[in-house]
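User: I'd like to learn how to read helix packing, a sheet and a ligand shell. Could you walk me through them?

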Amino acid sequence: MAQTDYTIFEILQMDACAGCSLCVDVCPAVSAAEDGKLSAVYRINELRRIMRSRTGFLQKFFGKKALGQELLKPFSDTVFACTLCGGCQQVCPSGIHIKDLWLSLRQDMVHSKAYPKKVDMIGENLAGSHNVFDEDNQERAEWVEDLPDAPDHGFIKDQADVVYFTGCVSSYFPMVQKIPLALVEIFESARVDFTLLGEEEWCCGFPLLGAGLRDQTKDLIGHNLEAVRAKGARKIIFSCPSCYQMWSENYPEEFEIYHITQFLNQLMASGQIMFNELPLTVTYHDPCDLGRGSGEYNAPRQIIRSIPGVELVEMAHNRENCLCCGGGGNLEMIDAGLSSDIAKAKIDEALQTGAQTIVTACQQCVRTMTTYARRYKVAIEVMDITQLVQKALTGKNRPGSG
Ligand code: SF4
Ligand code: SF4
């Protein structure tokens with residue numbers, strides 16, 4: 001409950017808000033819903049009011065009542081109508097760590113029993129089946145069966161130098177299983193000694209943070225650490241920026257961890273992968289958790305620019321200012337309509353570049369933008385950077401190509 005959900009730093013930072021409203025203009029949820037109550041400035045102001053009311057100070061000296069559920073619930077609705085994109089934090093002149101504050105605020109709403117029902121579902125799914133979709137976790141690596149020449153071990157080896165941590169979305173969603181399939185082909189071509197964790201891979205825990213269930217991440221973290229240790233691996237590669245960010249910020253520093261764009265740059269530098277000409281005009285969408293969240297803007301652009309024939313045209317908002325695709329913060333589960341409206345703004349901006357293809361580096365971004373483009377028959381292709389690399393790859397050790 002309440003104040004204990006926040007660090008002292010966060011409580012102090014709440015008072016640093018200068019009310020400049022710069023966060024309003026950049027918020028994709030505010031723009032899509034045309035509702036200022038979804039902005040950081042509104043939420044921080046309300047939170048300060050709630051905190052004051054909870055201390056009893058106002059009750060004691062001014063006779064005001066503490067906020068009840070009837071007031072907390074509408075506020076909570078605004079708290080979860082947010083993609084956790086970090087756009088507000090990026091522009092905040094007061095330097096407030098707004099994303100961390102949002103995670104604590106969601107936890108507070110859960111402890112205060114004012115939260116969307118879907119939160120319970122996320123918690124139950126992860127406790128029961130160890131993946132966010134409540135699928136059979138033994139089927140986590142079933143996508144390997146789509147490879148025509150998969151080895152008998154199905155890429156689940158006893159020992160390997162590199163673990164490829166696939167993530168829930170790429171493991172289970174057919175639309176984006178092309179990402180791990182492409183990556184396996186690239187690793188095979190580059191002769192990378194890698195393994196999957198298979199059913200021993202559990203969700204990284206990121207959806208629990210976004211759901212306000214931070215307390216429940218411990219088991220997942222402990223299990224995943226043991227699973228990687230058991231492989232004797234030194235390195236972990238992530239194609240999901242949220243898994244990557246979760247491991248960077250919430251797991252102990254025991255392994256070398258890389259987002260796939262960083263690892264691919266290493267493979268390019270050592271000559272392990274090379275490219276054929278690929279005539280294609282693309283624009284690049286910075287996933288929030290890779291760009292603003294992890295500060296990685298160059299690695300993907302370097303890959304794109306290294307492929308002969310590929311032309312990169314930037315969107316009006318790019319790098320630190322990139323518009324969110326609408327897929328983060330569990331928003332798709334909680335308010336699919338708002339998520340889709342945010343995706344619309346993203347796709348509209350991509351269309352203005354004249355590019356044939358939007359390249360990104362995140363399975364959830366691919367899913368959100370592809371779903372929108374297919375539903376509304378928008379003529380633009382969306383692909384992950386692993387798929388772009390797969391298309392351009394030279395060398396013929398390429399199971400499943402074409
Ligand atoms: S994190 Fe993104 S969606 Fe959430 S309030 Fe900030 S700008 Fe808006
Ligand atoms: S940008 Fe920062 S200081 Fe300005 S209103 Fe938003 S939260 Fe407050």
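This is a predicted model: local features need pLDDT of at least 70, side-chain atom pairs count only at pLDDT 80 or more; totals for chains, interfaces and linings use all residues.

User: Which residues of α15 and α16 meet?

Analyst: From α15 you have Thr261, Gln262, Leu264, Asn265 and Met268; they meet Ala299, Pro300, Gln302, Ile303 and Ser306 in α16. That contact divides into 5 nonpolar, 5 polar and no charged residues.

User: On to the sheet. In what order do the strands come?

Analyst: Read across: β2-β1-β3-β4, an open sheet of 4 strands with parallel pairing. β2 (194–195) and β4 (256–259) each have a single partner strand, so one side of each lacks a neighbour in the sheet. β1 (residues 162–165) pairs with β2 over 2 bridges, and valine 162 has phenylalanine 194 as its bridge partner in β2. Helix α14 (residues 241–250) lies across β1, β3 (235–238) and β4, at about 155° to β4.

User: And how many residues surround ligand 2?

Analyst: There are 15, the closest being Cys17, Cys20, Cys23, Val41 and Cys92. α2 (22–26) and α4 (40–55) are the elements giving two or more residues to that shell, with the largest share, 3 residues, from α4. By type, the shell has 12 nonpolar, 3 polar and no charged residues.

Definitions and conventions. Residues are numbered from 1 along each chain as its sequence is written. Chains are lettered from A and ligands numbered from 1 in the order in which they are written. Two residues are in contact if their C-beta atoms, placed from the backbone, lie within 7 Å. Ala, Val, Leu, Ile, Met, Phe, Trp, Tyr, Cys and Pro count as nonpolar, Asp, Glu, Lys and Arg as charged, and the others, Gly among them, as polar. A residue is near a molecule or strand if its C-beta atom, placed from the backbone, lies within 6 Å of it. Two strands pair if DSSP finds at least two bridges between them. Axes are lines fitted to C-alpha atoms, for helices over the stretch in contact, and angles run from 0 to 180 degrees between N-to-C directions.
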